[in-house]
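Subject: Structure for your review

Dear colleague,

Please find the structure below, together with its sequence. I would be grateful if you would look through it first and then read the notes that follow.

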Amino acid sequence: MENAMGQINYLAVLAAAAAAFLLGGVWYGPLFGNAWMQASGVTPETREPGHRPKVFIISFLWALLGAWFFAMFLGEAPALAFATAVGFGTGLIWIAGSFAINYQFEGRPSRLLLVNGGYHTAQYTLYGLILGLWH
């Protein structure tokens, strides 16, 4: 399927989504899992012992949609530096910035914004890196 700017590399989109999905496991696990639990109010007692497959399937589908739409946004064969910088800006300004607005009204802690916004900044930077490298 072609977008207005050229052909989408679906293998790169799949790789970007898979990489971001794996990043999420590390980000919300050993890297910032405890910080996320404290900031979001989740405790080991209230947390499900294991996520149901549905959680992983839906999360991966959203990652796949995000990578696909970002590939459409970047266009065919984006330059690596451009794709990575736009990924970083998308994660930081559009996504984390949108979270920041909501979190202010919801009274959520800044630490939660740093964890969640940081993940999406890393996610879209990774999308840009992979899509920029693999065109």
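The model is a predicted one. I begin with helix 3, which covers residues 53–74 and has 22 residues. From its first C-alpha to its last, helix 3 reaches 31 Å, which is close to the 32 Å expected at 1.5 Å a residue. Its buried residues are Ala-63, Gly-66, Ala-67, Phe-70, Ala-71 and Leu-74. Seen down the axis of helix 3, these buried residues fall within an arc of 135°, and they therefore line one face of the helix. Exposed residues are found on the other side of helix 3, namely Pro-53, Lys-54, Ile-57, Trp-62 and Phe-69.

Val-55 also belongs to helix 3. Is Val-55 buried, partly exposed or exposed? Its relative accessible area is 30%, so Val-55 counts as partly exposed, given that this class lies between the limits of 20% for buried and 50% for exposed. Val-55 and Ile-8 are 47 residues apart along the chain, and 27 Å separates their C-alpha atoms.

Buried in helix 1 are Ala-12, Val-13, Ala-16, Ala-17, Ala-20, Gly-24 and Trp-27. Down the axis of helix 1, the buried residues fall within an arc of 135°, so one face of the helix is lined by them. Against which elements do the buried residues of helix 1 pack? They pack against helix 2 (33–40), helix 3 and helix 5. The face turned away from the buried side of helix 1 carries the exposed residues Leu-11, Leu-22 and Pro-30.

The loops on either side of helix 3 also deserve attention. His-51 is found in the loop between helix 2 and helix 3. With a relative accessibility of 49%, His-51 counts as partly exposed. The C-alpha atoms of His-51 and Met-72 are separated by 31 Å, and the two residues are 21 apart along the chain.

Just after helix 3, Gly-75 takes a positive phi of about 85°. Ala-77 lies in the loop between helix 3 and helix 4, and its phi is also positive, at about 50°, although Ala-77 is not a glycine. Most residues other than glycine have a negative phi. Ala-77 is partly exposed, with a relative accessible area of 43%.

The largest pocket has a volume of about 890 Å³. It is lined by 27 residues, and the closest to its centre are Gly-24, Tyr-28, Val-55, Ser-59 and Tyr-119. Helix 1 (10–31), helix 3, helix 4 (80–106) and helix 5 (110–133) each supply at least two residues of this lining. By type, the lining residues of the largest pocket divide into 15 nonpolar, 10 polar and two charged.

The second largest pocket holds about 150 Å³ of space. Of the 14 residues that line this second pocket, Gln-7, Asn-9, Gly-75, Glu-76 and Ala-77 lie nearest its centre. Its lining divides into eight nonpolar residues, five polar and one charged.

Yours sincerely,

A colleague

Key:
Residues are numbered from 1 along each chain as its sequence is written. This is a predicted model: local features need pLDDT of at least 70, side-chain atom pairs count only at pLDDT 80 or more; totals for chains, interfaces and linings use all residues. Side-chain values use heavy atoms; hydrogens and water are left out. Helices (H or I, at least four residues) and strands (E, at least two) are DSSP runs, numbered from the N terminus. The expected span of a helix is 1.5 Å times one less than its number of residues. Buried means under 20% relative accessible area, exposed over 50%, partly exposed in between (1.4 Å probe, protein chains only). The arc is that of the directions from the helix axis to the C-beta atoms. On a 1 Å grid over the protein atoms alone, a cavity is a set of points where a 1.4 Å probe fits but cannot get out, and a pocket is an open set with protein on both sides within 12 Å along at least five of seven lines; lining residues have an atom within 4 Å of a point. Grid points are joined across faces, edges and corners, and a volume is the space filled by probe spheres set on the points. Ala, Val, Leu, Ile, Met, Phe, Trp, Tyr, Cys and Pro count as nonpolar, Asp, Glu, Lys and Arg as charged, and the others, Gly among them, as polar. Contact means heavy atoms within 4.5 Å.
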